[in-house]
Amino acid sequence: MAGGLGYTNGMLSPNPVSDGFCYNRGRRLAGASVSTLCGLLLWAGGAEAWLAPGAAHGAEAALELWYRQPALKWTEALPVGNGRLGAMVFGGVVSERLQLNEDSLWSGGPQKADNPAALEALPEIRRLLWAGQQRDADRLGVQKLVCQGAGSGHGQGAKVPFGCYQTLGDLHLEFEGMDTNALSGYRRELDLETGLARTRFRIGAATFTRTVFASRPDRAIVVHLACDQPGHLTFMARLTRPEHATTRSVGSTALRMSGQMFNGQAFEGMKFCAQLEARVRGGKTQIGDTLRVEGADEAVLLLAAATDYRLEPPAYRGGDPERAVVEHLEAARGKTYAQLEGAHLEDHRRLFQRVHLDLGVTDAAGLPTDERLVAFRKGGEDPALIALYFQYGRYLLMASSRPGDLAANLQGVWADGIQTPWNCDYHHNINDQMNYWPAEVGNLAECHLPFVELIEALQVPGRKTAQVHYGARGWCVHTISNPWGFTSPGEHPGWGLFPAAGAWLSQHLWEHYDFGRDRAYLRRVYPILKESAEFYLDWLVPDPETGKLVSGPANSPENVFLTADGQRGSLSMGPAMEQQIIWDLFSNVLAAADALGLTDDFTRRVAEARARLLGPQVGQDGRLLEWAREYGEAEPHHRHVSHLFALHPGRQITIHQPEWFAAAKKSLIGRGDGGTGWSMAWKVNFWARLHDGDHALKLLRNLINVVETQGFRYDGGGGVYANLFCAHPPFQIDGNFGGAAGVAEMLLQSHAGEVHLLPALPGAWQAGQVRGLRARGGFEVAVAWNDGQLTSATLRSAVGGVCRVRAPAALDVRRGAELVKVERPEPQVVSFETTAGGQYALMPPAR
């Protein structure tokens, strides 16, 4: 389904020197200020110069996770992935384990879960809510506003039709001749810049190196085993799976594991296949139920896997997984290891090197990652760890979401076991949306496309759900989905009735356009946006007291309230998040129609409905209301902060609405700084949008607080595991992605109709530089600062048009050596015309 979905390629060279960096490693420039000399170099570089940073730093910390010991737990292992295949590398010496995943390997299957009883009960539930009969409304909602059948199995869906994302299995390598008494020099690492996971150690005089990567070009997991002493590699390889799989030999050097998933009734569901092939230099190979290599100098293992899943409703099945696996391996088989690694590195670097971030380096950067995390938790300063965490988020998105494959789920592409947490499904009440927050700003636009394609596929079953549950046109989806097109509400309306989910998903269709400005893409997705808006035009009803249009019945995700007479409720009319998300959708639809030159009866109805929406409400205590009425809070510090959607990721509340802006800040203070991993990540973004960099950094530090290593355990709260996976707990990858987006949001914002440079720079980040971040409007940005002050910036325009820039200080704009004519509507704002492909330098005026 990727055909026709456009994106803007990264425009940056990976070489900071050739890009015009005044990148003085390890020493300061004498005789002039850094900003002045960098500025001279920038102007001398003309239109091809990129960024002249204002910070003189020492050598940068390597973008590596590394450890002095093997992983004992899954949350210590290191992830590699190519979008479709994932592996967790443990780095064992005698026994190595690679836990494997294939992104479509789900149990379950398509089902009829829409519930006609919902439509019949809808008028009565609305009447009860408006009459203040909360208990009766909630009671009827529990009976009627739910799916038919078992739903998600209350997050335990492996054995019900909803299904569960599951492990593909394990590749076990058992090595002989490893005298661990003679072990020295052990190092296990993941290099983010190369996507290579390596384990190195010495046994006596022999040095062993094991390299693992997931090749996108060759669609395989590649394992390279080497020793600097000939004939020292003797090992046995086997493929296993906890449930319903058989392994047999294929030819003289391959193992094939195949099986069929449980579809909710029997093991007659999705078919899968994985095949391991060995290429050996020296020694000999034996094959049976296992593969044995004896006395080799070098070995390369290739593993490919596939299923018969297709993201094509309503069948979702087709193809031969065994044939696909054989084709992938045949293509890779003719390449040398150097060619395999070279193709992987070229593909990986093409994406990863688009963005560079330098926040400074301290001695802590030299520590192993687990020790470094413990030092950071104890209060140590380590800005390079934050840069590493940011780039790790980009790495994980590259590794779990590539065009043509499935979207990243609750754990990306990595999950162990048969029953994974919350089925590793698609949660649409923040989680999978948060997965893609860093995609556009982090210059990984094509990694957004699997999510776009998932949304497109949900439109088909979502039309039926809209009609059956609500008698409405268009399409809708609720809190949870799976690859089988589940769009019904969940098993309980307190968490499963979230009709605004489709509108929130649709925000991503617009965002992908807004950052890249590809009109061919917009023409493709506009019908999806339009159908989503048609649903809400039918779903909204006038409040009998105010006449304002409100959504409902619906929940404010997973939260409950207290009525004045002591009733505890979850369903209401016009909860703030629903209202704000619908406003966002209507605004995006109108902007899309304007970009495509469309004005018709539909756009007029959308504009009229948006004007009648109940907007953000401020309570008596100055906080934004989470519900349309001023209810009491049953959980004042609830992990969801749903009523601040309009602040982030929405754009209804900005600094240009001072009353709402102040109320949002007061609400966030009231919610507190605690929470699960993803909740803290969201709060980083909130505080960035509130332009409070110090508070954003405080939450970012909380988010990166380690909860467990082999020598440390903290009981309570979210944070990260030793491998930097976000601890909800358990592991949820949305916190990694949300945290990465939060770092970008502190340095660059563009949601309010202007490119805002350094909007939330913390006082602790006195000097630094970032290049390659993307801004809405088709812009790519680099910024440098020193002594807490912006020193220079560069902006590239992909499509041309007016650019409005806000900065901490007044700026001049140049193209090459020429000053650009600008307008200054405010002292710290410049507005100027750009041309497609043009590059512009922005600096404080010369004194």
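Helices H12 (residues 501-516) and H14 pack with their axes 9 Å apart and at an angle of about 35 degrees; helices here are DSSP runs of H or I of at least four residues, numbered from the N terminus. Axes are lines fitted to C-alpha atoms over the stretch in contact, and angles run from 0 to 180 degrees between N-to-C directions. The contact (heavy atoms within 4.5 Å) involves the residues tabulated below.

| Helix | Residues in the contact |
|---|---|
| H12 | Ala503, Trp504, Ser506, Gln507, Trp510, Tyr513 |
| H14 | Met577, Ile581, Asp584, Leu585, Asn588, Ala591, Ala592, Ala595 |

The model is predicted: local features need pLDDT of at least 70 and side-chain atom pairs pLDDT 80 or more, while totals for chains, interfaces and linings use all residues. Residues are numbered from 1 along each chain as its sequence is written, and side-chain values use heavy atoms, with hydrogens and water left out.

The 20 residues of H14 (residues 576-595) should span 28 Å at 1.5 Å a residue, and its end C-alpha atoms are 29 Å apart, which agrees; the expected span is 1.5 Å times one less than the number of residues. In H14, 16 of the 20 residues are buried, that is, under 20% relative accessible area with a 1.4 Å probe, protein chains only. Gly597, with a positive phi near 70 degrees, follows H14.

The largest nonpolar core has 235 residues, of which Phe586, Leu700, Leu757, Trp765 and Val805 touch the most other members. Such a core is a set of buried Ala, Val, Leu, Ile, Met, Phe, Trp, Tyr and Cys residues joined through side-chain atoms within 4.5 Å. Helix H7 (residues 383-400) supplies the largest share of this core, 12 residues.

How values were computed
Helix = DSSP H or I, 4+ residues; strand = E, 2+ residues; numbered from the N terminus. Buried < 20%, exposed > 50% of the residue type's maximum accessible area, 1.4 Å probe, protein only.
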